[in-house]
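Subject: Structure for your files

Hello,

Here is the structure you were expecting, with the sequence alongside. My notes on it follow below.

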Amino acid sequence: MTQTRAALRPTVLTALLAALLSVLLAPAPASAASLQEVTGFGSNPGALKMYRYVPDGLPAGRPVVVALHGCTQNAAGYASGTGWTTLADRWGFSVVLPQQQSGNNLGQCFNWFESADIGRGRGEAASVAQMVDRQLADVSGDRSRVYVTGLSAGGGMTAVMMAAYPEKFAAGGVVAGLPYDCAQAAGTAYVCMFVGATQTPAQWGDRVRAARPGYTGPWPALTVFQGTADYTVRPANMTALVDQWTNVHGADRTADVADTVAGYPHRVYRGPAGNAVVETYSLTGMGHGQPVDLGSGDAQCGAAGAYFLDVNLCAAYRLGKAWQLG
């Protein structure tokens, strides 16, 4: 059976009108969260900026991740490039993103090598600690599930926060970073970066213990990501981080787990209680940057950009799983 064009016209107009009404009357999609600057978070002795990402509708009692950018980077770029904001939406946690200012460091590097910025209650370390307190108060976050991570200079500052404020952090993730108080141990930041400092595990551990005198634990667990072809922060610094934090935790330097993840050597060191206290990923052939894995798969995250290296392993995802964020 066929119909004439005239007979079809009312039917077509009715369908178009119904489609138009369905669009006009459909509920508006929920607005996506965005990065927000927070001011007045404390005395801010390190003169840093505070940004944060809070997924829409985030309930109380959720974890907080502090993510520290590398040199020449900023909070917004690091938030998206690492994949942390994507994971925050997926798993339900908030992210604090400190940002360096050029007045503090022309290269936008956190000053992990300056004694005035790495001590408890002083400089940039104190500013980041104040950001954590503000975030926990504003979002009613879980104080027992606060984590810190960062790339390069941000990785060095991650070790600073773990040492100077161990009671605030359950764990930390250092990406192409350096052990705590490394510059003083090496005599200069550049020797630390390009060669590595010569310290025994006990000496490394003593540097952490001196940052928080009298503190008996618990200490944050540590995960390290390091490229074997990194000529900016040499792989010797990952060895030093393992020496430092196994000593702090009272663990030996023999890995309890030695396997591969995404084809890369992976090691786990357990403490006296049998829990993982140090974990390492040695990214074979990777240079200086944040490991990401571009794509939409469950284990993939991150975006392309300078110092975001697509090596088929996303550091943020691996940290999130280790920290049981999702």
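Predicted model: local features only at pLDDT ≥ 70, side-chain atom pairs only at ≥ 80, totals over all residues.

Helix α5 runs over residues 123–139, and its length checks out: at 1.5 Å a residue it should span 24 Å, and its end C-alpha atoms are 25 Å apart, which agrees. Just after α5, Ser 140 takes a positive phi of about 50°.

Helix α5 packs against helix α6, which covers residues 153–164. Their axes come within 10 Å and cross at roughly 75°. That angle makes α5 roughly perpendicular to α6, because angles of 65 to 115 degrees are counted that way. On the α5 side the contact is made by Glu 124, Ala 125, Val 128 and Ala 129, and on the α6 side by Met 157, Val 160 and Met 161. By type, the residues of this contact are six nonpolar, no polar and one charged.

**The chain as a whole**

The chain has 326 residues, of which 51% are buried. It contains eleven helices and twelve strands. Along its principal axes the C-alpha trace spans about 90 × 45 × 40 Å. Among contacts with a separation of 6 or more, 66% join residues 24 or more positions apart.

**Helices α9 and α10**

A second helix pair is worth a look. Two packed helices are described by the angle between their axes and the distance between the axes. For α9 (residues 201–211) and α10 (residues 236–249) the angle is about 70° and the axes are 8 Å apart. The two helices are therefore roughly perpendicular to each other, and α9 passes α10 in a right-handed crossing.

Helix α9 contributes Pro 201, Ala 202, Trp 204, Gly 205, Arg 207, Val 208 and Arg 209 to the contact, and these meet Ala 240, Asp 243, Gln 244, Trp 245, Asn 247 and Val 248 in α10. The residues of this contact divide into seven nonpolar, three polar and three charged.

Leaving aside neighbours within four places in sequence, Asp 243 is in contact with Pro 201, Trp 204 and Arg 253.

**Backbone points to check**

Most residues other than glycine have a negative phi, and most peptide bonds are trans. The following places depart from that pattern.

- Thr 72, in the loop between β3 (64–68) and α2 (75–82), has a positive phi near 70°. With a relative accessible area of 59%, Thr 72 is exposed.
- Ser 152 sits in the loop between β5 (146–151) and α6. Its phi is positive, about 55°, although Ser 152 is not a glycine.
- The peptide bond from Gly 217 to Pro 218 is cis, with omega near 5°. Pro 218 belongs to the loop between α9 and β7 (221–227).

Regards

Technical notes. Residues numbered from 1 in each chain as written. Heavy atoms only, no water. Axes fitted to C-alpha atoms, helices over the stretch in contact; angles between N-to-C directions. Helix = DSSP H or I, 4+ residues; strand = E, 2+ residues; numbered from the N terminus. Parallel < 35°, antiparallel > 145°, perpendicular 65-115°, else oblique. Left-handed = near helix turned anticlockwise from the far one by under 90°. Contact = heavy atoms within 4.5 Å. Nonpolar A, V, L, I, M, F, W, Y, C, P; charged D, E, K, R; others polar. Expected span 1.5 Å × (residues − 1). Buried < 20%, exposed > 50% of the residue type's maximum accessible area, 1.4 Å probe, protein only.
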